Amino acid sequence: MARSSLPMMGCLLLCLWVAAAEAELMKYKDPTQPFNARVKDLMGRMTLEEKIGQMVQIERKVASADVMSKYFMDKLTWAGSVLSSGGSVPAPKASAETWVNMVNDFQKGSLSTRLGIPMIYGIDAVHGHNNAYGATICPQNVRLRVTRQVDVSWIKNFPIAIFIPKRVISPYGFLY
């Protein structure tokens, strides 16, 4: 009985040691680590191509999970973010669910890469998310002023009207 538990204990200790070494190796993924330590660890792991690629943004029309994973790994190109510019939609009259599925697909591709760095998704939504079917569209400032409305206090609601549909579609991103 004691003979069979000795190899088992050795195996357990080896597994614990490997897990501890892996945790030490991946400081940038550990949210309990100080921010600067995580950044230093990640920057030390990234190649020059990966660092440059994090500053590249591609248009949604050329993005896919395949592009986000294969091209990242092959280092043929690299993209840290994807943008839906004006009129760039996954399908005509696309529902919020269609948008969410598309963005999640891109994100899965990004997370499957060597370092698992998530991509950032950008949406051109300064005046409302006009790419999302049925979302609120807000007039440009110059058009608001030519209405000659004296009381424009209702404009304060614009950020909320723009942000909510955008946040539903892409929780990973930013407004452009």
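Gly 53 counts as buried, at 3% relative accessibility; buried means under 20% relative accessible area, exposed over 50%, and partly exposed in between, with a 1.4 Å probe and protein chains only. This glycine has its place in helix H3, residues 48–53. Its C-alpha atom and that of Ser 81, 28 residues apart along the chain, are separated by 9.1 Å.

The model is predicted: local features need pLDDT of at least 70, side-chain atom pairs count only at pLDDT 80 or more, and totals for chains, interfaces and linings use all residues. Residues are numbered from 1 along each chain as its sequence is written, and side-chain values use heavy atoms, with hydrogens and water left out.

**Overall layout**

The protein has 7 helices and 4 strands, which follow one another along the sequence as α-α-α-β-α-β-α-β-α-α-β. Helices (H or I, at least four residues) and strands (E, at least two) are DSSP runs, numbered from the N terminus. Of the 176 residues, 30% are buried. Among contacts with a separation of 6 or more, 63% join residues 24 or more positions apart; contact means heavy atoms within 4.5 Å. Accessible areas come from the Shrake-Rupley method with a 1.4 Å probe, and for residues only the protein chains shown count as cover.

**Nonpolar cores**

A nonpolar core is a set of buried Ala, Val, Leu, Ile, Met, Phe, Trp, Tyr and Cys residues joined through side-chain atoms within 4.5 Å. The largest one has 16 residues, of which Ile 58, Val 82, Phe 106, Met 119 and Tyr 121 touch the most other members. Helix H4 (65–74), helix H5 (96–111) and strand E3 (120–123) are the elements that give two or more residues to this core. H5 contributes the largest share, 4 residues. Leaving aside neighbours within four places in sequence, Phe 106 is in contact with Arg 60, Ala 63, Ser 64, Ala 65, Met 68, Val 82, Met 119 and Tyr 121. Another core, of 5 residues, lies apart from the largest one and includes Tyr 28, Leu 42, Leu 115 and Ile 117.

**Salt bridges**

The structure holds 2 salt bridges. The term covers a side-chain nitrogen of Lys or Arg within 4 Å of a carboxyl oxygen of Asp or Glu.

| Salt bridge | N to O distance |
|---|---|
| Asp 41 – Arg 45 | 3.0 Å |
| Glu 50 – Arg 114 | 2.6 Å |

Arg 114 lies in the loop between H5 and E3 and Glu 50 in helix H3, so this pair ties together parts that are 64 residues apart in sequence. Glu 50 is buried at 1% relative accessibility, whereas Arg 114 is partly exposed at 46%. Asp 41 and Arg 45 are 4 residues apart in helix H2, which means that about one helical turn separates them. Asp 41 is buried, with a relative accessible area of 16%, and Arg 45 is partly exposed, with 25%.

**Surface patch**

Phe 35, Val 39 and Met 43 form a nonpolar patch on the surface, with about 300 Å² of accessible area together. Patches are made of residues with over 30% relative accessible area and no salt bridge; like charges are joined within 9 Å, and nonpolar side chains (Val, Leu, Ile, Met, Phe, Trp, Tyr) within 5 Å. Val 39 lies in helix H2, residues 35–45, and is partly exposed at 35% relative accessibility.
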